[in-house]
Amino acid sequence: MILELSNNDSTILGHWDYLSHQVEASPFKPIDYMDKIDVFGYRFLKGTSIISKYLIVENKNEAATLDTVNQITKYVDWIVKNYAYGNYDMIEAYILAPSYDDKIKKNFKEICKRNYIISSHPVVNKTWNDVKLISYTYNNSKLNFKEEGI
């Protein structure tokens with residue numbers, strides 16, 4: 001997955017300046033209990049070394065469930081709190097799975113929704129819901145991605 005994203009800017013996930021896998025996403029605890037983001041990355045503002053967006057990907061080998069949605073939102077909240085200065089607009093999140101449980105399609109938008117405030121003058125109330133469901137297939141040694149229309 002990382003290789004495909006690193007070598008192909010034309011995937012549905014687009015271009016990322018930095019990509020890594022199995023990035024810790026929880027306070028320190030024993031390694032067996034540590035939460036880890038499957039794929040983590042970021043993109044710089046053009047021509048700078050200032051991070052403009054963070055990428056969070058949860059990859060599943062089987063059908064994604066509501067537990068998967070809860071898992072990725074936990075990672076989103078962790079990155080927002082620890083890296084994105086409380087600004088959810090800095091996050092793009094994706095769930096990649098070969099298929100999706102029917103319960104996800106009914107509930108995932110509400111589970112992923114985050115209301116937050118940008119602290120400035122004046123204060124701005126915002127809503128974030130940028131988790132995308134991407135299905136994938138692997139044919140002829142090539143990964144193919146398709147955004148699920150929900």
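Okay, let's start with the surface: the protein exposes about 8900 Å², and carbon and sulfur atoms supply 50% of it. Those accessible areas come from the Shrake-Rupley method with a 1.4 Å probe, and for residues only the protein chains shown count as cover.

Quick housekeeping. This is a predicted model, where local features need pLDDT of at least 70 and side-chain atom pairs count only at pLDDT 80 or more, while totals for chains, interfaces and linings use all residues. Residues are numbered from 1 along each chain as its sequence is written, and side-chain values use heavy atoms, with hydrogens and water left out.

On to the overall layout. We've got three helices and eight strands, in the order α-β-β-β-α-β-α-β-β-β-β along the sequence. Helices (H or I, at least four residues) and strands (E, at least two) are DSSP runs, numbered from the N terminus. Of the 150 residues, 39% count as buried; that means under 20% relative accessible area, with exposed being over 50% and partly exposed in between (1.4 Å probe, protein chains only). As for contacts, meaning heavy atoms within 4.5 Å, take those between residues at least 6 apart in sequence: 53% of them join residues at least 24 apart.

Now look at strand β4, residues 91-97.

Who are the partners of β4? β3 pairs with β4 in the parallel sense over six bridges, and Y54 stands opposite I91. To get from β3 to β4 the chain goes through α2, and this β-α-β crossover is right-handed. That is, with the strands pointing away from the viewer, the path from the first strand over the helix to the second runs clockwise. β4 also pairs with β7, again parallel, over five bridges, and there L96 has I134 as its bridge partner. For the record, two strands pair if DSSP finds at least two bridges between them.

Staying with β3, residues 51-59, have a look at E58. Buried or exposed? Buried, at 2% relative accessibility. The E58 side chain makes a polar contact of 3.2 Å with the side chain of K60. By polar contact I mean a pair of N or O atoms within 3.5 Å; within protein, one must be able to donate a hydrogen and the other to accept it, and residues adjacent in sequence count only if both atoms are side-chain atoms. Leaving aside neighbours within four places in sequence, E58 touches D38, T68, Q71, I72, Y75, Y94, I95 and L96.

Last stop, helix α3, residues 102-112. I104, F108 and C112 are buried there. What do the buried residues of α3 pack against? That would be α2 (66-82), β5 (114-118), β6 (124-128) and β7 (131-139). The face turned away from that buried side carries the exposed D102, K103, K106 and E110. And at the start of α3, a side-chain oxygen of D101 comes to within 2.7 Å of the backbone nitrogen of K103.
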